[in-house]
Amino acid sequence: MAVIEFQPDGTIITANENFSAAMGYSLSEIQGRHHRMFVDAGYAASEDYRQFWGRLNRGEFVASEFKRFAKGNREIWLQASYNPIRDSAGRVVRAARRSARVRGQRRDAHVMAGGGPLEGSHSTPVADRLGLRCRGGRA
């Protein structure tokens, strides 16, 4: 399982070796940088991306299949959940993402079945079938 942790603003705190291996970055290359380094520039500038971080900061978890970019701009698809972590006062102090890589055939089969694009911070039929829902609404 690949794990990465972020500050509430999206700044990278740490990542495990599985994450580093999957994305091709060492921890020293990403620590202190923003999550947007893994997404398309258009998505990083979008309202959807701002809402994604807003949901995490409100304490909602987000689970879906996500398109991300590894080192060298290599496209990678992940089945992931972003989970807010709260302090003893209930404030969100960081977010942890746990993910596994999705193989191309699964992603292609989903799109061909009419499941729509697998992008952004919204729920997909795959996430729904896996029961990946958050309290108070869809993931």
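## Burial and the model

Buried here means under 20% relative accessible area, exposed means over 50%, and partly exposed covers what falls in between (1.4 Å probe, protein chains only). By that rule Phe66 is buried, with a relative accessible area of 1%, and Tyr82 is buried too, at 0%.

This is a predicted model, in which local features need pLDDT of at least 70 and side-chain atom pairs count only at pLDDT 80 or more, while totals for chains, interfaces and linings use all residues. Residues are numbered from 1 along each chain as its sequence is written, and side-chain values use heavy atoms, leaving out hydrogens and water.

## The sheet

Let's turn to the strands. Helices (H or I, at least four residues) and strands (E, at least two) are DSSP runs, numbered from the N terminus, and two strands pair if DSSP finds at least two bridges between them. An open sheet is formed by 5 strands in the order E2-E1-E5-E4-E3, with antiparallel pairing. E2 and E3 stand at the edges with a single partner strand each, so one side of each has no neighbour in the sheet. On average, neighbouring strands are turned by 30 degrees against each other, direction ignored; axes are lines fitted to C-alpha atoms, for helices over the stretch in contact, and angles run from 0 to 180 degrees between N-to-C directions.

Strand E1 (residues 2-6) has 4 of its 5 residues buried. E1 is joined to E5 (residues 92-101) by 5 bridges and to E2 (residues 12-15) by 3 bridges. Ile4 takes part on both sides: Arg97 stands opposite in E5, and Ala15 is the bridge partner in E2. The hairpin of E1 and E2 has 5 residues between the strands, and there Gly10 takes a positive phi near 100 degrees. Further along, E4 and E5 pair over 9 bridges, with Leu78 partnered by Arg101 in E5.

## Helix and aromatic rings

Helix H4 (residues 47-57) lies across E1, E3, E4 and E5, at about 130 degrees to E3.

The whole structure holds 11 aromatic pairs. Rings of Phe, Tyr and Trp (its six-membered ring) pair if their centres lie within 6.5 Å; planes under 30 degrees apart are stacked, over 60 edge-to-face, and the rest tilted. Phe52 and Trp53 have ring centres 5.3 Å apart and planes at 85 degrees, so they are edge-to-face; both residues are buried. Phe66 and Tyr82 are also edge-to-face, because their centres are 5.3 Å apart and their planes at 80 degrees. Phe66 lies in E3 (residues 62-70) and Tyr82 in E4 (residues 74-86), so this pair ties together parts 16 residues apart in sequence. One aromatic cluster brings together Phe6, Tyr43, Tyr49, Phe52, Trp53, Phe66 and Tyr82.

Conventions
Contact means heavy atoms within 4.5 Å.
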